[in-house]
Amino acid sequence: MIDQDVADAVLRAAEGRGSLVLAEVRLEESNKRQLSVKAGEVSSVTSATDAGMNVRIVLSTGIGFASTNIISKEVGKRLVAQAYGLAKNAKRKTPVSLSSESPVRTSWEVRQRQPLASVSTDEKLKFIRDIDKSVMRTKVKVQGRFYSLSDHEVSSHFANSEGTHLNSYLPRVRMSAVNMVTAKGETEQSIREWGASGGWEKAGEWDLESVLPSEVLMLKKQIEKGKKVATGTYDLVCGSKVVGIASHESCGHPMEADRIQGREMSQAGRSFVSPEMIGQEIGSKYVTVIDDPTVPGSYGYYAYDQEGVKARPRYLYKEGRINEFLHNRETASKMELKSNGSSRSESYIREPIVRMANTFVAPGDYQEDELIGSIKSGVLMNSFTEWNIDDKRFNQKYVSREAYFIKDGELAGPARKCVLEITTPGFWKAVDAVSKKVEFEAAECGKGDPMQGIPVCTGGPMMRLRGVVLK
Amino acid sequence: MNDLKEIAKDVLEVSLAAGADDSLAEAIESTVHQVRYSNSQIDAVNSWTEKHVALFVAIGKHTMASDLRDIANAKESARNLVALAKSSPPKETYAGIASGRFKYKKSKLDSRILKLDEPSKFAHEAIAGAESEGAVNVGGTFFARHRRSAIASSGGANGADETAWVELSVRAFSQPEASGHAVSCTPKLSDMDARRTGARAGELSKMAMNAVTGEEGKHDIVMQPLFIGGIMESTSSMMSAFVVDIGASMYVKKLGKKVASNEITFIDDPTISSISARAFDHEGVPTRRNVVIKGGVLKTYLHNTSTAARYKTKTTANAGPLIPTPFAFPGEPTAFHPVVVPGDWSERELIEDTKHGLYLNHTWYTRFQNYRTGEFSTIPRDAILKIEDGEIVGAVKNIRVSDNMMNLWKSVDALSKNTQEIFWWDEAAPPSTLPTARARSMRITRSA
């Protein structure tokens, strides 16, 4: 049980020092359990609890942040002194300012139908072994079969010197799977992830005893029947996994305001987007990309961000135009805006920074088979393996994990290792149709220094791109 | 240091008394000060302190690990962990923890790093250095880190270690798309020359001005140590016996075989003075110099006790953290400090000897379409300089190296005699000591 008196004492100590733009304190307790299984055998089992706190002091001269894995009034006061000194000595040329936000006093939680803490390690092992057996039953040769299941419950109390007091409880469950499929002396890989906020009931919804056998059978077929795509210009249908990664990499990241303003310049990089590009065309009118932390049960869910700002959907690209950046209070203030609740951190030990949540393309009005049926000669890229993008988020590459040729509106056999290497506007401007059904994939997004892994979803419907070069 | 040794010993004794057959406790205290700067001014100054105990217990083959972060109640948590382990399913491949009469080397500690009272000055010096060479926008980080650890195990481990180091990363822009990147990391404060590091980044940013889109095709590439650091994370990770075991490595079934050119000798050496020097691995085995590739031939994988038993060999003292870390497999053996043995070329000679190629400052986002075969791509960033007839003739941008990692290492035909210690963010990791290298005829691609 978090002692909220500690937060009050910390804020009083901070306010006693004067000249504050803002003081914040976060107290956090968490439980994390993890089970890894390799080829049906237990590989590692861990269980850990954690508790700690941070203090962030914002002065006009700078921002100071101090954290430790102890919660107490005495330690909190020491963190105040430390963070205050760090903020004071930063000696910024331009004063720090924050967007004005209304204080809130509330609590939020994600409820569990089957509490994660009630599930035994044996039960989790059975869950994984049943999946492993279903993969083995396919008779496909799969090396590795490394499956890792983890759950994480985080309780926190956040307060600031403006009067905000927030309590939260967020349980999450996650599964990752590495499958290396061999056939005819060749190998294909599948590295996938599932995640949700909620209880153990979420793991059952993934239907992995069906999904993973299908995945390894598909890879075997890619090896045995797949043919290389001849380099040329094609119509391309991207499945939701490809649409999702493109939404994340070439819309979500370049629309992070801290990156646009240069704060990540020496790590994750800057952005091809600049503040004056709001309203500029970046894609076709069929492209709307949303980042929405409020998707119920999603892996990237939260109700309030880590500065106490209420979460809401952000329309990043809207009908093909650059529309809204992801902001925290500092970046919003620089553009004379309000924060849109994008401040997140991996845990109390790290500073909160601008992050995505669940980033996806909004649905259109096509059926999936209409998209495929409309193409005379093209390719369906359902999922990807290798991918990367430059640090200004302009040049990206996706290599297919699952792809098929399309001939006269019908799927015509597997296309192997199809490569799309394209610019950001080149990708989004080629879209001329979007399907109705949105699907999500869970992922860990890396950003910050030290690297902070943050739970997110990527997703979207199917999209049709006209006349793109495939290699 | 005695406080941490006491904590590790107490937790070990409690877990053994509670019924553990094997137990391993590593008490760690770390303090980190970080200065983040961009747009040539400081954004935030962060400080974090953590004290915790990583504990592993085994009852027969029933194993369990935990990170005990509430030190005041660590003994109770240790007892609870043993109880949890008793009811956990067995790990059939568990082969015990390392045992022996271990002797540890004492690390050298530069106590001046512990007394740093104004880390921001290094950021200001780096910015000034870059600006002196013509940069107009500078960003980066400065870290001062102090780490103490003590380990105790039922296998006989009983040691302590203390290290401190500083790291500086400087990215300088002379134009919106012309940048240079330089890093400096050292366990000796007197070796940290922030102004010079900044100047190096600034100089590269000037050389990268007015870049034109690069051409697809085969190019010789001259890779700075920072670039090689960017591909070292995946290369060294694939040497882990665990990663080999799950088939996600280009080194599967390659022991004793050619995996690089004759020029490449790769050593994991946490015993030399570096920011990742350490006295023992996470099983308490004294660290050692492991020659992994000699003259291009793969000599060993990296092992902990369990993987070594599986491969009928001995641990190489590369046991990784007991507790899962983000973006890594839990419990996998890990490289601590990769070293590529230098050659006898000067960097100037490497450029002069290259007829048609690219000089690459830095890279990021290295991803594999097939770990088993090594097909990958990586995105050069910062200064990408065009070499024609032995001279740098301009800068290019928007390219990607799309090739095969095994082929890259097999194509290295020249190494510089100078090396540099490299560590940047989590991309050029783990910390490594590397020369400049030339690889012949690498495939360059770009957006259509």
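How far apart are the axes of helix 1 and helix 2 of chain B, and at what angle do they cross? Figure 1 has the reply; first, some housekeeping. This is a predicted model, where local features need pLDDT of at least 70 and side-chain atom pairs count only at pLDDT 80 or more, while totals for chains, interfaces and linings use all residues. Residues are numbered from 1 along each chain as its sequence is written, and chains are lettered from A and ligands numbered from 1 in the order in which they are written.

**Figure 1. Helix 1 meets helix 2 in chain B.** The axes of helix 1 (residues 2-17) and helix 2 (residues 74-86) of chain B come within 9 Å and cross at roughly 35°. Helices here are DSSP runs of H or I with at least four residues, strands are E runs of at least two, and both are numbered from the N terminus. Axes are lines fitted to C-alpha atoms, for helices over the stretch in contact, and angles run from 0 to 180 degrees between N-to-C directions. From helix 1 of chain B, B:Ile7, B:Asp10, B:Val11, B:Val14 and B:Ser15 meet residues of helix 2 of chain B, including B:Ala78, B:Leu81 and B:Val82. Sorted by class, the contact has seven nonpolar, one polar and three charged residues. Contact means C-beta atoms, placed from the backbone, within 7 Å. For the classes, Ala, Val, Leu, Ile, Met, Phe, Trp, Tyr, Cys and Pro are nonpolar, Asp, Glu, Lys and Arg are charged, and the others, Gly among them, are polar.

**Figure 2. Helix 1 packs on helix 2 in chain A.** Helix 1 (residues 4-15) and helix 2 (residues 73-89) of chain A sit with their axes 9 Å apart, at an angle of about 30°. That makes helix 1 of chain A roughly parallel to helix 2 of chain A, the term for angles under 35 degrees. This crossing in chain A is right-handed. Look for A:Val6, A:Ala9, A:Val10, A:Ala13 and A:Ala14 of helix 1 of chain A meeting A:Lys73, A:Gly76, A:Lys77 and A:Val80 of helix 2 of chain A. The tally for the contact is six nonpolar, one polar and two charged.

**Figure 3. Strand 1 of chain A has partners in strand 2 and strand 5 of chain A.** Strand 1 (residues 22-38) of chain A is largely enclosed by the rest of the structure, because 14 of its 17 residues are buried. Buried means 20 or more other C-beta atoms within 10 Å of a residue's own, with C-beta atoms placed from the backbone. With strand 2 of chain A, strand 1 of chain A pairs antiparallel over 17 bridges; pairing takes at least two DSSP bridges between the strands. A:Lys38 stands opposite A:Glu41 in strand 2 of chain A. The two strands form a hairpin with two residues between them, and A:Ala39 in the turn has a positive phi of about 50°. Strand 5 (residues 141-160) of chain A also runs antiparallel to strand 1 of chain A, joined by 15 bridges, with A:Ser30 opposite A:Val154.

**Figure 4. Strand 16 of chain A pairs with strand 9 and strand 17 of chain A.** Ten of the 13 residues in strand 16 (residues 377-389) of chain A are buried. Strand 9 (residues 232-238) of chain A pairs with strand 16 of chain A in the parallel sense over four bridges, and A:Cys238 has A:Met381 as its bridge partner. Strand 17 (residues 395-407) of chain A runs antiparallel to strand 16 of chain A, joined by ten bridges, with A:Phe384 partnered by A:Ser400. Strands 16 and 17 of chain A form a hairpin with five residues between them, where A:Arg393 in the turn has a positive phi of about 65°.

**Figure 5. Chain B touches chain A.** The contact takes 66 residues from chain B and 69 residues from chain A. Strand 2 of chain B gives the most to chain B's side, with twelve residues. That side of chain B has 24 nonpolar, 25 polar and 17 charged residues. Between the chains, strand 2 (residues 41-59) of chain A and strand 3 of chain B run parallel, joined by two bridges. A:Thr49 has B:Leu68 as its bridge partner.

How values were computed
Two residues are in contact if their C-beta atoms, placed from the backbone, lie within 7 Å. A residue is buried if 20 or more other C-beta atoms lie within 10 Å of its own, exposed if 12 or fewer, and partly exposed in between; C-beta atoms are placed from the backbone. Angles under 35 degrees count as roughly parallel, over 145 as roughly antiparallel, 65 to 115 as roughly perpendicular and the rest as oblique. A crossing is left-handed if the near helix is turned anticlockwise from the far one by less than a right angle, and right-handed if clockwise.
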